[in-house]
Amino acid sequence: MFDARIKLLAFVLICSTLIGLTRAQEFVANYDESKVPDYTLPPIIDSQDSGESFQTAWKLRRKELLDTFSQHMFGYQPKSSFQLKCEKLESGPSVGGKALRQQYRVSLGTDAGSQVIHLLVFTPANSSGPVPCFLGLNFRGNHTVAADPEIVVTQSWSPNDAKVGATNNTASEAGRGAASSRWPVEMLVDAGCGVATAYCGDIDPDFHDGFNNGVHALFPDNQPSEAHPDRWGTISAWAWGLSRLLDCIQTNVPEVDGHRVAVVGHSRLGKTSLWAGATDERFAAVISNDSGCGGAAISRRAFGETVGRINTSFPHWFCPNFKQYNLNEQSLPIDQHQLVALAAPRPVYVASASEDQWADPRGEFLSAKLAGQLYQRLGLPPLAMNEFPAHANTGVVGTVSYHLRDGKHDINAYDWTQYIKFISQLK
Ligand code: GTR
């Protein structure tokens with residue numbers, strides 16, 4: 001009897017140590033370049049053609065890559081129909097009269113339910129015609145983007161965050177303007193650009209509830225499950241939401257040139273902007289800021305945040321199929337240079353920050369560089385930078401753009417200054 005108990009105890013101890021070791025392995029981030037594993041990247045394209053036939057080959061390959069990214073990583077977006085209504089809630093002067101502020105209510109509906117996204121748009125007050133515009137999601141609600149008291153405080157589920165005065169999963173007035181350093185509206189309108197944004201949580205709340213809430217609820221047939229491990233996770237849902245915002249902008253916002261909208265995002269929302277740009281070619285340009293693992297960083301480098309870690313911390317971001325690649329990046333049928341390449345032939349921007357090792361700046365740079373080789377074969381300029389920059393605040397702005405900003409994981413005036421140069425190439 002005593003012996004059996006000891007055996008059982010030993011068994012339990014061994015099992016928990018093994019589980020613990022596996023977890024620990026997942027959670028220890030490598031920051032040592034010499035420990036990056038050897039890897040072989042899947043090609044962006046195999047075709048040896050040139051000229052017109054290469055353009056055709058890329059169109060076909062693009063479809064194939066989109067399908068593989070959908071199936072193994074982000075999850076397929078719904079194919080069934082839905083209704084969309086875009087109503088203007090209000091408009092007025094903002095930023096001391098320099099900007100026109102507009103707020104729209106974007107209502108989505110299916111037989112299964114409805115969902116409302118609030119869209120906030122700033123355009124220069126004195127523009128003589130439609131302007132190029134940045135469109136990106138924000139982390140904590142439109143009211144955090146600028147201190148303007150007219151901006152609607154989000155009613156959607158909010159993560160508790162003292163910095164923006166959100167408690168009991170509810171946003172509050174205290175958050176007004178809390179993220180304004182990330183959204184330099186005055187600088188953007190002064191440069192002749194528009195900027196449009198919506199709260200990501202209006203589209204899909206950023207927590208794992210088994211894919212029942214947010215826009216997931218509108219499409220029960222497209223819900224990720226054991227039977228359907230290739231259906232949209234939250235990042236794919238956010239990207240789909242960005243396309244719905246573009247629907248609204250293109251049809252209802254004459255101050256914005258709907259053919260010069262650059263999709264932009266920071267961090268998890270930078271992963272989202274890359275996927276939105278890949279799935280929706282109406283976005284005229286694509287910008288990912290510090291997007292890291294699951295964004296622009298090469299997964300096979302397993303530097304900083306890894307596939308296993310991201311799938312453990314954020315089990316709802318990607319489709320269930322992506323979990324097969326936890327601690328198994330070398331088996332991925334895709335890698336992130338191909339995601340950056342999915343923007344081609346449209347201008348694409350990858351940006352990193354020097355202290356943001358978690359997001360693997362060098363891996364982000366490599367993706368931009370490799371994607372640039374595809375652009376070159378399409379007859380466009382490649383990334384005009386061969387090596388990872390030796391110093392921060394170095395970059396190139398062109399069809400394929402990259403910069404390494406000095407400092408932390410963030411999006412700030414330095415980044416936006418480059419994005420203004422970048423968007424100005426859209427004609
Ligand atoms: C981190 C996550 C990153 C990045 C970041 C963010 O916790 O590990 O992948 O997305 O959040 O969105 O700020």
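**Reading the helices of a predicted model**

Modeller: In this predicted model, helix H2 (residues 51-74) has 24 residues and spans 32 Å from its first C-alpha to its last, which is close to the 34 Å expected at 1.5 Å a residue. Just after H2, Gly75 adopts a positive phi of about 95 degrees.

Colleague: Which residues of H2 are buried, and what do the buried residues pack against?

Modeller: An α-helix has 3.6 residues a turn, so residues three or four places apart point the same way. In H2 the buried residues include Phe54, Ala57, Trp58, Arg61, Arg62, Leu65, Leu66 and Phe69, and the buried residues of this helix pack against H5, H6, helix H8 (336-341) and helix H9 (361-377).

Colleague: How do the axes of H5 and H6 cross, and which residues meet there?

Modeller: The axes of H5 (residues 234-252) and H6 (residues 268-279) come within 8 Å and cross at roughly 60 degrees; the two helices are therefore oblique to each other, and the crossing is right-handed. From H5, Ile235, Ser236, Trp238, Ala239 and Leu242 meet Arg268, Leu269, Lys271, Thr272, Trp275 and Ala276 of H6. The residues of this contact between H5 and H6 comprise 7 nonpolar, 2 polar and 2 charged.

Definitions and conventions
Residues are numbered from 1 along each chain as its sequence is written. This is a predicted model: local features need pLDDT of at least 70, side-chain atom pairs count only at pLDDT 80 or more; totals for chains, interfaces and linings use all residues. Side-chain values use heavy atoms; hydrogens and water are left out. Axes are lines fitted to C-alpha atoms, for helices over the stretch in contact, and angles run from 0 to 180 degrees between N-to-C directions. Helices (H or I, at least four residues) and strands (E, at least two) are DSSP runs, numbered from the N terminus. Angles under 35 degrees count as roughly parallel, over 145 as roughly antiparallel, 65 to 115 as roughly perpendicular and the rest as oblique. A crossing is left-handed if the near helix is turned anticlockwise from the far one by less than a right angle, and right-handed if clockwise. Contact means heavy atoms within 4.5 Å. Ala, Val, Leu, Ile, Met, Phe, Trp, Tyr, Cys and Pro count as nonpolar, Asp, Glu, Lys and Arg as charged, and the others, Gly among them, as polar. The expected span of a helix is 1.5 Å times one less than its number of residues. Buried means under 20% relative accessible area, exposed over 50%, partly exposed in between (1.4 Å probe, protein chains only).
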